[in-house]
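Subject: Structure handover

Hello,

Here is the structure I promised to pass on. My notes follow below it.

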Amino acid sequence: AIRRLIHPATVGQTNLGLSLCSLEPGEAVVLHRHPSEEAYYVLTGEGEMELEGHPPIHLRPQIAVHIPGNAAHGHRNTGDSPLVLVAV
């Protein structure tokens, strides 16, 4: 589940987005790309991030990941509790 907190659909802005992403055990966000940069910060849970050009990144609380523009990326919950990330 993705909760858009600041997004063109919620407040009409165009240069910044802020979302909460919550994945249950086994759930995943498929590999995708977009022109804008993105940053993730893990609040709770464990998972794995795929990022084009990098080995898999282990996600755990207090880990931040920068996604360059146009880089393919996706993540999945590999733990037994919800994986909750902030996405900017």
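**Strands and sheets**

Strand S4 (residues 38-44) and strand S9 (residues 83-87) run antiparallel and are joined by four bridges. Strands here are DSSP runs of E, at least two residues long, numbered from the N terminus. Two strands pair if DSSP finds at least two bridges between them. Within this pair, Tyr 41 stands opposite Val 86 in S9.

Before the rest, the ground rules. This is a predicted model, with residues numbered from 1 along each chain as its sequence is written. Local features need pLDDT of at least 70 and side-chain atom pairs pLDDT 80 or more, while totals for chains, interfaces and linings use all residues; side-chain values use heavy atoms, with hydrogens and water left out.

S4 and S9 belong to an open sheet of five strands, in the order S1-S2-S9-S4-S7, with antiparallel pairing. Strand S1 (2-6) and strand S7 (64-67) are the edges, each pairing on one side only. Neighbouring strands of this sheet are turned by 20 degrees against each other on average, direction ignored. Axes are lines fitted to C-alpha atoms, and angles run from 0 to 180 degrees between N-to-C directions.

Another open sheet has four strands, ordered S3-S8-S5-S6, and its pairing is antiparallel. Its edge strands are S3 and strand S6 (57-59). Three bridges join strand S5 (residues 47-51) to S6. There, Gly 47 has Leu 59 in S6 as its bridge partner.

**The largest pocket**

How much space lies in the largest pocket? About 560 Å³. A pocket is an open set of points on a 1 Å grid where a 1.4 Å probe fits, with protein on both sides within 12 Å along at least five of seven lines; lining residues have an atom within 4 Å of a point. The lining has 25 residues, and Arg 4, His 34, Ser 36, Glu 38 and Val 88 lie nearest the centre. S1, strand S2 (18-23), strand S3 (28-32) and S4 each supply at least two of the lining residues. By type, the lining divides into eleven nonpolar, eleven polar and three charged residues. Gly counts as polar in this scheme.

**Ser 19**

Ser 19 is found in strand S2. Ser 19 counts as buried because its relative accessibility is 6%, and buried means under 20% (1.4 Å probe, protein chains only). The side chains of Ser 19 and Arg 4 are joined by a polar contact of 3.4 Å. A polar contact is a pair of N or O atoms within 3.5 Å, one able to donate a hydrogen and the other to accept it.

Best wishes

Notes. Grid points are joined across faces, edges and corners, and a volume is the space filled by probe spheres set on the points. Buried means under 20% relative accessible area, exposed over 50%, partly exposed in between (1.4 Å probe, protein chains only).
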